[in-house]
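Have the picture open and follow along.

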Amino acid sequence: SIFIALAILELIEYQNLENDDYWDWRAGGFELLRKNEQAIIYYSKAIEINSKNVYYYEKRAKCKMAIENHYGAIPDFTKALA
């Protein structure tokens, strides 16, 4: 069902290029599939659109931790805590 949801989201991508929630949904799907590298890309897009949402920094940091990029996660956790 996650694959289907991601396929549907891909179909409506052109309508949501500036919607941070859309990129969060895409990232969440890839995170559930344990494709953390893809999730990081999509959380980064969400951050580009809405850098004030600390949730995105936290989620991106957790994905970085999952792929053992601990030093990369530090700035994201710091931003989320600040």
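Read along the sequence, this protein chain goes α-α-α-α-α, and the count comes to 5 helices and 0 strands. Helices (H or I, at least four residues) and strands (E, at least two) are DSSP runs, numbered from the N terminus. Keep in mind that this is a predicted model, where local features need pLDDT of at least 70, side-chain atom pairs count only at pLDDT 80 or more, and totals for chains, interfaces and linings use all residues. Residues are numbered from 1 along each chain as its sequence is written, and side-chain values use heavy atoms, with hydrogens and water left out.

**Overall shape**
- With 82 residues, a compact globule would have a radius of gyration near 12 Å, and the protein chain agrees because it has 12 Å. That radius is taken over C-alpha atoms, and the globule rule is 2.2 Å times the number of residues to the power 0.38.
- The C-alpha trace spans about 35 × 25 × 15 Å along its principal axes.
- Take the contacts (heavy atoms within 4.5 Å) between residues at least 6 apart in sequence: 34% of them join residues at least 24 apart.

**The core**
- Buried residues make up 35% of the 82 residues; buried means under 20% relative accessible area, exposed over 50%, and partly exposed in between (1.4 Å probe, protein chains only).
- A nonpolar core is a set of buried Ala, Val, Leu, Ile, Met, Phe, Trp, Tyr and Cys residues joined through side-chain atoms within 4.5 Å.
- The largest nonpolar core has 15 residues, and Trp 23, Ala 27, Phe 30, Ala 39, Tyr 42, Tyr 43 and Cys 63 touch the most other members.
- Helices H1 (2–11), H2 (20–32), H3 (36–49) and H4 (54–66) each supply at least two residues of this core, and H3 gives the most, with 6 residues.
- Leaving aside neighbours within four places in sequence, Trp 23 is in contact with Glu 13, Asn 16, Leu 17, Tyr 42, Lys 45, Ala 46 and Ile 49.

**The surface**
- The protein chain exposes about 5300 Å², and carbon and sulfur atoms supply 57% of it. These areas come from the Shrake-Rupley method with a 1.4 Å probe.

**Zooming in on Lys 64**
- Leaving aside neighbours within four places in sequence, Lys 64 is in contact with Ile 40, Asn 69, Gly 72, Ala 73 and Asp 76.
- Lys 64 and Ile 40 are 24 residues apart along the chain, with their C-alpha atoms separated by 7.3 Å.
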